[in-house]
Amino acid sequence: MKRMLAVLLCLVMVISLAGCSNGGSSSGGKKEKVDVGIVLPTKDEPRWLQDKAKFESVIKDSKYSVEVLFSQGSSANEKTNVETLINKGIKVLIICAQDAAAAAASVEEAKAAGVTVIAYDRLITGTDAVDYYVTFDSLAVGAAMGQYLADNATGQGNPLYLYAGAATDNNAFLFFQGAWNVLQPKIADGTFVIKNSSEATGLQATKELSHEQLASIIGQVTTNWDFNEAKSKAEAHLTAVSAADKGKCYVLAPNDGTARSIADVFGADADVSQYFITGQDSEKASVQYVIDGKQSMTVFKDTRTLATDAMNMAISVIEEKTPDTGSTYDNGKKQVPAKQTPIVVVTKDNVKEALIDSGYYKASDFTGLK
Ligand code: BGC
(Lines give C-alpha, C1' and ligand atoms only; values in the text may rest on other atoms or scores of the structure.)
Protein backbone atom coordinates (compact mmCIF):
# COMPACT_ATOMS: atom_id res chain seq x y z
CA MET A 1 0.00 0.00 0.00
CA LYS A 2 2.79 2.41 1.04
CA ARG A 3 4.61 1.52 -2.20
CA MET A 4 1.50 2.24 -4.27
CA LEU A 5 1.07 5.60 -2.57
CA ALA A 6 4.70 6.51 -3.26
CA VAL A 7 4.31 5.60 -6.95
CA LEU A 8 1.12 7.65 -7.13
CA LEU A 9 2.84 10.64 -5.53
CA CYS A 10 5.73 10.43 -7.99
CA LEU A 11 3.28 10.30 -10.87
CA VAL A 12 1.45 13.40 -9.63
CA MET A 13 4.77 15.24 -9.28
CA VAL A 14 5.90 14.30 -12.79
CA ILE A 15 2.57 15.38 -14.29
CA SER A 16 2.56 18.72 -12.45
CA LEU A 17 6.14 19.49 -13.53
CA ALA A 18 5.31 18.72 -17.15
CA GLY A 19 2.16 20.83 -16.92
CA CYS A 20 3.91 24.02 -15.91
CA SER A 21 6.70 23.80 -18.45
CA ASN A 22 4.63 25.66 -21.08
CA GLY A 23 6.72 24.33 -23.91
CA GLY A 24 9.98 24.99 -22.16
CA SER A 25 12.84 22.77 -21.22
CA SER A 26 15.49 22.45 -18.58
CA SER A 27 19.05 21.29 -18.82
CA GLY A 28 20.27 17.81 -17.97
CA GLY A 29 17.38 16.55 -15.83
CA LYS A 30 18.17 19.08 -13.07
CA LYS A 31 14.51 20.12 -13.02
CA GLU A 32 13.86 20.44 -9.31
CA LYS A 33 16.50 23.08 -8.64
CA VAL A 34 16.79 25.81 -11.24
CA ASP A 35 19.53 28.46 -10.96
CA VAL A 36 18.75 30.57 -14.00
CA GLY A 37 15.23 31.01 -15.36
CA ILE A 38 14.83 32.14 -18.95
CA VAL A 39 11.59 33.47 -20.41
CA LEU A 40 11.40 34.01 -24.19
CA PRO A 41 8.50 35.51 -26.20
CA THR A 42 7.45 32.72 -28.57
CA LYS A 43 8.59 29.49 -30.14
CA ASP A 44 6.64 30.30 -33.29
CA GLU A 45 9.47 32.51 -34.60
CA PRO A 46 12.76 30.79 -35.51
CA ARG A 47 14.66 33.73 -33.98
CA TRP A 48 13.79 32.67 -30.39
CA LEU A 49 14.46 28.98 -31.01
CA GLN A 50 17.96 30.01 -32.07
CA ASP A 51 18.41 31.81 -28.74
CA LYS A 52 17.07 28.84 -26.77
CA ALA A 53 19.50 26.45 -28.46
CA LYS A 54 22.41 28.76 -27.67
CA PHE A 55 21.41 29.11 -24.02
CA GLU A 56 21.29 25.38 -23.63
CA SER A 57 24.64 24.85 -25.28
CA VAL A 58 26.30 27.53 -23.14
CA ILE A 59 24.97 26.14 -19.87
CA LYS A 60 25.61 22.47 -20.76
CA ASP A 61 29.14 22.45 -19.41
CA SER A 62 28.56 24.64 -16.37
CA LYS A 63 27.52 23.50 -12.93
CA TYR A 64 24.34 25.57 -13.10
CA SER A 65 20.89 24.57 -14.29
CA VAL A 66 18.58 26.56 -16.53
CA GLU A 67 14.96 26.29 -17.55
CA VAL A 68 13.60 28.01 -20.65
CA LEU A 69 9.88 28.86 -20.88
CA PHE A 70 8.03 30.49 -23.77
CA SER A 71 5.25 33.05 -23.31
CA GLN A 72 3.60 32.37 -26.68
CA GLY A 73 2.69 35.98 -27.35
CA SER A 74 0.90 36.52 -24.04
CA SER A 75 1.88 38.75 -21.12
CA ALA A 76 -0.36 36.63 -18.85
CA ASN A 77 1.62 33.46 -19.75
CA GLU A 78 4.80 35.43 -19.22
CA LYS A 79 3.75 36.33 -15.68
CA THR A 80 2.86 32.70 -14.92
CA ASN A 81 6.22 31.61 -16.32
CA VAL A 82 8.07 34.08 -14.10
CA GLU A 83 6.11 32.89 -11.05
CA THR A 84 6.80 29.24 -11.92
CA LEU A 85 10.52 29.97 -12.09
CA ILE A 86 10.51 31.99 -8.86
CA ASN A 87 8.90 28.98 -7.18
CA LYS A 88 11.75 26.82 -8.47
CA GLY A 89 14.23 28.98 -6.56
CA ILE A 90 15.93 30.78 -9.45
CA LYS A 91 18.64 33.26 -8.53
CA VAL A 92 18.64 35.04 -11.88
CA LEU A 93 15.84 35.70 -14.36
CA ILE A 94 16.74 36.35 -18.00
CA ILE A 95 13.64 37.68 -19.68
CA CYS A 96 12.80 38.84 -23.19
CA ALA A 97 9.55 40.69 -22.59
CA GLN A 98 6.42 40.20 -24.60
CA ASP A 99 5.34 43.75 -23.79
CA ALA A 100 7.90 46.26 -22.46
CA ALA A 101 5.50 47.96 -20.04
CA ALA A 102 3.38 44.99 -18.98
CA ALA A 103 6.47 42.99 -18.00
CA ALA A 104 7.26 45.49 -15.24
CA ALA A 105 4.86 43.80 -12.79
CA SER A 106 6.45 40.37 -13.37
CA VAL A 107 10.00 41.54 -12.83
CA GLU A 108 8.97 43.49 -9.76
CA GLU A 109 7.63 40.22 -8.35
CA ALA A 110 10.93 38.49 -9.15
CA LYS A 111 12.92 41.30 -7.59
CA ALA A 112 10.80 41.13 -4.43
CA ALA A 113 11.68 37.41 -4.24
CA GLY A 114 15.40 38.29 -4.29
CA VAL A 115 15.96 37.40 -7.96
CA THR A 116 18.37 39.44 -10.13
CA VAL A 117 16.66 40.48 -13.37
CA ILE A 118 18.41 40.63 -16.74
CA ALA A 119 16.35 42.06 -19.63
CA TYR A 120 17.31 40.08 -22.73
CA ASP A 121 17.24 41.75 -26.16
CA ARG A 122 14.10 43.80 -25.35
CA LEU A 123 14.25 46.47 -22.63
CA ILE A 124 11.57 46.43 -19.91
CA THR A 125 10.35 49.97 -19.28
CA GLY A 126 8.92 51.99 -16.41
CA THR A 127 10.39 50.01 -13.51
CA ASP A 128 13.54 50.01 -11.43
CA ALA A 129 13.35 46.22 -11.04
CA VAL A 130 15.60 45.62 -14.07
CA ASP A 131 19.20 45.07 -12.94
CA TYR A 132 20.91 44.60 -16.31
CA TYR A 133 20.20 44.65 -20.03
CA VAL A 134 21.92 42.44 -22.63
CA THR A 135 21.21 43.59 -26.15
CA PHE A 136 22.29 44.11 -29.72
CA ASP A 137 22.80 47.66 -30.90
CA SER A 138 19.22 48.10 -32.10
CA LEU A 139 19.65 51.65 -33.38
CA ALA A 140 22.50 50.31 -35.53
CA VAL A 141 20.19 47.55 -36.82
CA GLY A 142 17.70 50.15 -38.07
CA ALA A 143 20.45 52.38 -39.42
CA ALA A 144 21.91 49.45 -41.39
CA MET A 145 18.51 48.79 -42.94
CA GLY A 146 18.02 52.45 -43.88
CA GLN A 147 21.56 52.65 -45.25
CA TYR A 148 21.05 49.57 -47.41
CA LEU A 149 17.99 51.12 -49.05
CA ALA A 150 19.70 54.50 -49.47
CA ASP A 151 22.82 52.93 -50.99
CA ASN A 152 20.75 51.15 -53.61
CA ALA A 153 18.65 54.12 -54.72
CA THR A 154 19.55 56.46 -57.54
CA GLY A 155 17.64 59.36 -59.03
CA GLN A 156 14.46 60.86 -57.65
CA GLY A 157 11.00 59.73 -56.59
CA ASN A 158 11.76 56.12 -55.68
CA PRO A 159 8.69 54.52 -54.03
CA LEU A 160 9.32 53.77 -50.35
CA TYR A 161 7.15 51.45 -48.26
CA LEU A 162 7.69 51.48 -44.50
CA TYR A 163 6.85 48.71 -42.01
CA ALA A 164 7.56 48.42 -38.28
CA GLY A 165 7.57 45.88 -35.45
CA ALA A 166 5.12 45.68 -32.54
CA ALA A 167 4.43 48.94 -30.71
CA THR A 168 4.64 47.03 -27.40
CA ASP A 169 8.31 46.21 -28.14
CA ASN A 170 10.78 48.96 -27.27
CA ASN A 171 13.07 47.61 -29.99
CA ALA A 172 10.51 48.46 -32.68
CA PHE A 173 11.06 52.13 -31.79
CA LEU A 174 14.86 51.80 -31.87
CA PHE A 175 14.84 49.98 -35.22
CA PHE A 176 12.51 52.52 -36.80
CA GLN A 177 14.35 55.48 -35.33
CA GLY A 178 17.69 54.12 -36.58
CA ALA A 179 16.27 53.66 -40.08
CA TRP A 180 14.50 57.04 -40.08
CA ASN A 181 17.73 58.86 -39.17
CA VAL A 182 19.22 57.62 -42.44
CA LEU A 183 16.10 57.68 -44.63
CA GLN A 184 14.64 61.05 -43.64
CA PRO A 185 17.31 63.18 -45.41
CA LYS A 186 16.79 60.99 -48.49
CA ILE A 187 13.05 61.58 -48.30
CA ALA A 188 13.59 65.31 -47.78
CA ASP A 189 15.86 65.53 -50.86
CA GLY A 190 13.35 63.65 -53.04
CA THR A 191 15.29 60.39 -53.48
CA PHE A 192 12.40 58.52 -51.85
CA VAL A 193 8.66 59.13 -51.74
CA ILE A 194 6.71 57.41 -48.96
CA LYS A 195 3.75 55.50 -50.40
CA ASN A 196 2.05 53.77 -47.51
CA SER A 197 1.97 55.99 -44.43
CA SER A 198 0.21 59.34 -44.13
CA GLU A 199 1.72 59.70 -40.63
CA ALA A 200 5.28 59.28 -41.95
CA THR A 201 4.56 61.61 -44.87
CA GLY A 202 3.24 64.22 -42.43
CA LEU A 203 6.52 64.02 -40.49
CA GLN A 204 8.89 63.75 -43.45
CA ALA A 205 10.55 67.10 -42.74
CA THR A 206 11.34 66.09 -39.13
CA LYS A 207 14.66 64.34 -38.57
CA GLU A 208 14.46 63.91 -34.79
CA LEU A 209 11.17 62.17 -34.05
CA SER A 210 9.77 62.21 -30.51
CA HIS A 211 8.50 58.97 -28.95
CA GLU A 212 4.93 60.07 -29.69
CA GLN A 213 5.74 60.84 -33.33
CA LEU A 214 7.44 57.47 -33.72
CA ALA A 215 4.41 55.85 -32.08
CA SER A 216 2.07 57.51 -34.57
CA ILE A 217 3.99 56.09 -37.54
CA ILE A 218 4.55 52.68 -35.96
CA GLY A 219 0.85 52.51 -35.04
CA GLN A 220 0.01 52.91 -38.72
CA VAL A 221 2.57 50.55 -40.30
CA THR A 222 3.02 47.96 -37.55
CA THR A 223 3.25 44.30 -38.45
CA ASN A 224 2.95 43.37 -34.77
CA TRP A 225 5.84 40.99 -35.64
CA ASP A 226 3.12 38.87 -37.22
CA PHE A 227 3.69 37.28 -40.65
CA ASN A 228 0.00 37.33 -41.57
CA GLU A 229 -0.52 40.92 -40.51
CA ALA A 230 2.57 41.89 -42.54
CA LYS A 231 1.18 40.09 -45.58
CA SER A 232 -2.30 41.59 -45.40
CA LYS A 233 -0.94 45.11 -44.80
CA ALA A 234 1.39 44.84 -47.80
CA GLU A 235 -1.46 43.54 -49.96
CA ALA A 236 -3.71 46.40 -48.86
CA HIS A 237 -0.96 48.96 -49.54
CA LEU A 238 -0.23 47.69 -53.04
CA THR A 239 -3.93 47.56 -53.84
CA ALA A 240 -4.40 51.15 -52.66
CA VAL A 241 -1.75 52.67 -54.96
CA SER A 242 -1.53 53.00 -58.73
CA ALA A 243 0.96 51.26 -61.03
CA ALA A 244 2.98 54.51 -61.12
CA ASP A 245 3.60 54.14 -57.36
CA LYS A 246 5.23 50.75 -57.89
CA GLY A 247 7.96 49.91 -60.43
CA LYS A 248 11.25 49.70 -58.57
CA CYS A 249 10.24 49.63 -54.88
CA TYR A 250 12.18 50.11 -51.64
CA VAL A 251 10.78 48.35 -48.59
CA LEU A 252 11.79 48.79 -44.96
CA ALA A 253 10.74 45.48 -43.36
CA PRO A 254 11.49 45.22 -39.63
CA ASN A 255 12.61 41.57 -39.41
CA ASP A 256 13.07 38.41 -41.43
CA GLY A 257 9.70 36.78 -40.78
CA THR A 258 7.77 39.85 -41.86
CA ALA A 259 10.24 40.52 -44.71
CA ARG A 260 9.50 37.12 -46.28
CA SER A 261 5.74 37.76 -46.11
CA ILE A 262 6.04 41.25 -47.55
CA ALA A 263 8.58 40.15 -50.19
CA ASP A 264 6.16 37.47 -51.41
CA VAL A 265 3.46 40.14 -51.88
CA PHE A 266 5.78 42.54 -53.75
CA GLY A 267 7.21 39.67 -55.80
CA ALA A 268 3.72 38.64 -56.91
CA ASP A 269 2.60 42.12 -58.03
CA ALA A 270 2.86 42.52 -61.80
CA ASP A 271 3.45 46.28 -61.47
CA VAL A 272 6.49 45.81 -59.22
CA SER A 273 9.46 45.47 -61.57
CA GLN A 274 12.08 45.13 -58.83
CA TYR A 275 12.15 45.49 -55.06
CA PHE A 276 14.77 46.01 -52.37
CA ILE A 277 13.75 44.75 -48.94
CA THR A 278 15.45 44.67 -45.55
CA GLY A 279 15.28 42.19 -42.67
CA GLN A 280 17.07 41.06 -39.54
CA ASP A 281 17.85 37.90 -37.55
CA SER A 282 19.43 35.85 -40.36
CA GLU A 283 16.79 33.17 -39.97
CA LYS A 284 17.55 30.16 -42.16
CA ALA A 285 14.52 30.74 -44.38
CA SER A 286 15.59 34.33 -44.97
CA VAL A 287 19.18 33.38 -45.67
CA GLN A 288 17.78 31.14 -48.42
CA TYR A 289 15.67 34.12 -49.62
CA VAL A 290 18.83 36.25 -49.74
CA ILE A 291 20.69 33.55 -51.72
CA ASP A 292 17.70 33.29 -54.09
CA GLY A 293 17.49 37.09 -54.51
CA LYS A 294 14.04 37.31 -52.88
CA GLN A 295 15.21 39.27 -49.81
CA SER A 296 17.96 41.86 -50.30
CA MET A 297 19.65 41.84 -46.90
CA THR A 298 19.36 40.58 -43.37
CA VAL A 299 21.06 41.92 -40.28
CA PHE A 300 22.95 39.14 -38.53
CA LYS A 301 22.55 39.30 -34.77
CA ASP A 302 24.78 36.54 -33.45
CA THR A 303 22.62 34.92 -30.80
CA ARG A 304 25.65 32.88 -29.69
CA THR A 305 27.20 36.09 -28.39
CA LEU A 306 23.99 37.42 -26.83
CA ALA A 307 23.15 34.16 -25.05
CA THR A 308 26.76 33.76 -23.89
CA ASP A 309 26.84 37.33 -22.58
CA ALA A 310 23.57 36.82 -20.71
CA MET A 311 24.67 33.49 -19.22
CA ASN A 312 28.06 34.91 -18.21
CA MET A 313 26.28 37.81 -16.59
CA ALA A 314 23.99 35.40 -14.71
CA ILE A 315 26.96 33.32 -13.56
CA SER A 316 28.77 36.47 -12.37
CA VAL A 317 25.69 37.42 -10.35
CA ILE A 318 25.43 33.95 -8.79
CA GLU A 319 29.12 34.03 -7.95
CA GLU A 320 28.76 37.53 -6.51
CA LYS A 321 31.06 39.14 -9.05
CA THR A 322 30.33 42.38 -10.88
CA PRO A 323 29.00 41.68 -14.39
CA ASP A 324 30.73 43.23 -17.35
CA THR A 325 28.71 46.14 -18.82
CA GLY A 326 29.82 49.03 -21.01
CA SER A 327 26.81 51.27 -21.57
CA THR A 328 23.44 52.22 -20.10
CA TYR A 329 19.89 52.38 -21.44
CA ASP A 330 17.24 54.71 -20.03
CA ASN A 331 14.06 52.72 -19.33
CA GLY A 332 12.08 55.72 -18.08
CA LYS A 333 12.78 54.84 -14.44
CA LYS A 334 16.51 54.22 -14.32
CA GLN A 335 19.70 54.02 -16.35
CA VAL A 336 19.99 50.26 -16.81
CA PRO A 337 23.60 49.00 -17.05
CA ALA A 338 23.86 47.27 -20.42
CA LYS A 339 26.12 44.99 -22.42
CA GLN A 340 25.76 45.69 -26.13
CA THR A 341 26.71 43.41 -29.03
CA PRO A 342 27.53 44.69 -32.53
CA ILE A 343 25.67 43.58 -35.66
CA VAL A 344 26.71 42.48 -39.17
CA VAL A 345 24.96 43.28 -42.45
CA VAL A 346 24.49 40.19 -44.63
CA THR A 347 23.83 40.31 -48.37
CA LYS A 348 24.30 37.79 -51.17
CA ASP A 349 27.96 38.91 -51.36
CA ASN A 350 29.04 38.00 -47.82
CA VAL A 351 26.50 35.38 -46.78
CA LYS A 352 29.07 32.57 -46.89
CA GLU A 353 31.70 34.47 -44.95
CA ALA A 354 29.30 35.85 -42.30
CA LEU A 355 27.13 32.82 -41.66
CA ILE A 356 28.87 29.67 -42.88
CA ASP A 357 32.56 30.39 -42.31
CA SER A 358 31.68 31.74 -38.85
CA GLY A 359 30.14 28.34 -38.05
CA TYR A 360 26.65 29.75 -37.43
CA TYR A 361 25.05 27.57 -40.12
CA LYS A 362 26.18 24.65 -42.28
CA ALA A 363 26.54 25.14 -46.05
CA SER A 364 24.32 22.06 -46.48
CA ASP A 365 21.42 23.98 -44.85
CA PHE A 366 21.07 25.94 -48.11
CA THR A 367 20.82 25.45 -51.84
CA GLY A 368 22.51 27.56 -54.50
CA LEU A 369 25.20 28.88 -52.15
CA LYS A 370 28.33 30.10 -53.98
C1 BGC B 1 13.99 41.32 -31.77
C2 BGC B 1 14.07 40.85 -33.20
C3 BGC B 1 12.86 39.97 -33.52
C4 BGC B 1 11.58 40.67 -33.12
C5 BGC B 1 10.36 39.80 -33.29
C6 BGC B 1 12.69 42.02 -31.54
O7 BGC B 1 12.59 42.50 -30.25
O8 BGC B 1 15.09 42.16 -31.47
O9 BGC B 1 15.27 40.15 -33.40
O10 BGC B 1 12.81 39.68 -34.87
O11 BGC B 1 11.64 41.10 -31.78
O12 BGC B 1 10.39 38.71 -32.44
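**Reading aromatic pairs**

Trainee: Both F175 and W225 are buried. What does "buried" mean?

Mentor: Buried means under 20% relative accessible area, exposed over 50%, and partly exposed in between (1.4 Å probe, protein chains only). This is a predicted model, in which local features need pLDDT of at least 70 and side-chain atom pairs count only at pLDDT 80 or more, while totals for chains, interfaces and linings use all residues. Residues are numbered from 1 along each chain as its sequence is written, and side-chain values use heavy atoms, leaving out hydrogens and water.

Trainee: How many aromatic pairs does a search of the whole structure find?

Mentor: Rings of Phe, Tyr and Trp (its six-membered ring) pair if their centres lie within 6.5 Å; planes under 30 degrees apart are stacked, over 60 edge-to-face, the rest tilted. Eleven pairs are found here. In one of them, the ring centres of F55 and Y120 are 5.0 Å apart and the planes meet at 50°, so this pair is tilted.

Trainee: Which elements hold F55 and Y120?

Mentor: Helices (H or I, at least four residues) and strands (E, at least two) are DSSP runs, numbered from the N terminus. F55 belongs to helix α2 (residues 46-59) and Y120 to strand β5 (residues 116-120), so the pair ties together parts 65 residues apart in sequence. F55 and Y120 are both buried.

Trainee: How are the rings of F175 and W225 arranged?

Mentor: Their centres are 6.2 Å apart and their planes at 75°, so the pair is edge-to-face. F175 lies in helix α6 (residues 170-188), and W225 in the loop between α8 (211-221) and α9 (227-240), 50 residues apart. Elsewhere, ring pairs join F300, Y360, Y361 and F366 into a cluster.
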